[in-house]
Amino acid sequence: MSTKEKTIKISYKTIQSISKLPEMDKQLLDMAIRASERAYAPYSSFKVGTSILLEGGIIVTGSNQENAAYPSGLCAERVAIFSASAEYPNRIIEKIAVVSKDKNGQLRPVTPCGACRQVLYEYEVKQEQPIGMILVDENQTLMEFKDMQSLLPFGFGKDQLV
Ligand code: THU
């Protein structure tokens, strides 16, 4: 048996500033920023906001919710996506923005943790349509991913449960 090394490619777009985004994405980002201000993060002081654009222009938001029993808290992404699915179970999820702000109000980089990626991927598989994602990198440049699979290659999905 021969051993092979394989490479996978992840592509995403970069957008220099919020002002360069289409109107809908600007609004999505703005809602995520406002959601981050509603985070309950007394233990980490790391406030994260997520906004989710559903078909028909509905936006659902979430923020991280911490707990004195640390593992009982939940990231902003899962708060938002569970809320969206609970409220609008059959609406297509189009795009998700995730942001965090520092004490000076500057956007800082935040990328979803592994557990959130797995949860977000579940909904992409369920709806059989890509879920886009807008993130911010360390230079405050926006990063746009076309689907969750790009953020979670080899994700575990229902097709493997056979
Ligand atoms: N957190 C999020 O809400 N989303 C992320 O993508 C990364 C981390 C939260 C969890 C915890 O409340 C705090 O940020 C510090 O980890």
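Residues are numbered from 1 along each chain as its sequence is written, and because the model is predicted, local features need pLDDT of at least 70, side-chain atom pairs count only at pLDDT 80 or more, and totals for chains, interfaces and linings use all residues. Side-chain values rest on heavy atoms, with hydrogens and water left out.

The ligand is surrounded by Ser44, Phe46, Val48, Asn64, Glu66, Cys75, Ala76, Glu77, Val110, Thr111, Pro112 and Cys113, a residue being counted here if one of its heavy atoms lies within 4 Å of the molecule. Polar contacts are pairs of N or O atoms within 3.5 Å; within protein, one atom must be able to donate a hydrogen and the other to accept it, and residues adjacent in sequence count only if both atoms are side-chain atoms. A polar atom in the side chain of Glu66 lies 2.5 Å from an oxygen atom of the ligand. For Asn64, an N or O atom of the side chain is 2.9 Å from a ligand oxygen atom. Thr111 takes part through its backbone, a polar atom of which is 3.4 Å from an oxygen atom of the ligand.

Thr50 is found in strand E2 (residues 48-54); helices (H or I, at least four residues) and strands (E, at least two) are DSSP runs numbered from the N terminus. With a relative accessible area of 0%, Thr50 is buried, where buried means under 20% relative accessible area, exposed over 50%, and partly exposed in between (1.4 Å probe, protein chains only). Leaving aside neighbours within four places in sequence, the contacts of Thr50 (heavy atoms within 4.5 Å) include Ala32, Ala35, Val60, Ala76, Glu77, Ile96 and Val98.

Ile93 belongs to strand E4 (residues 93-101) and is likewise buried, at a relative accessible area of 5%. Not counting residues up to four places away in sequence, Ile93 touches Ile52, Leu53, Leu54, Ile81, Tyr123, Gln127, Pro130 and Ile131. Its C-alpha atom is separated by 9.7 Å from that of Ile59, 34 residues apart along the chain. Ser83 is found in helix H2 and is partly exposed, with a relative accessible area of 31%.

Most residues other than glycine have a negative phi. Glu128, by contrast, has a positive phi near 55 degrees; it is placed in the loop between helix H3 (114-127) and strand E6 (132-136) and counts as exposed at 70% relative accessibility. In Gln140, also not a glycine, phi is positive at about 65 degrees. Gln140 lies in the loop between E6 and strand E7 (142-145) and is partly exposed, with a relative accessible area of 30%.

The largest pocket has a volume of about 170 Å³. A pocket is, on a 1 Å grid over the protein atoms alone, an open set of points where a 1.4 Å probe fits, with protein on both sides within 12 Å along at least five of seven lines, and lining residues have an atom within 4 Å of a point. Grid points are joined across faces, edges and corners, and the volume is the space filled by probe spheres set on the points. Ile8, Lys9, Ile10, Ser11, Lys146, Asp147, Gln149, Ser150, Pro153 and Phe154 form the lining.
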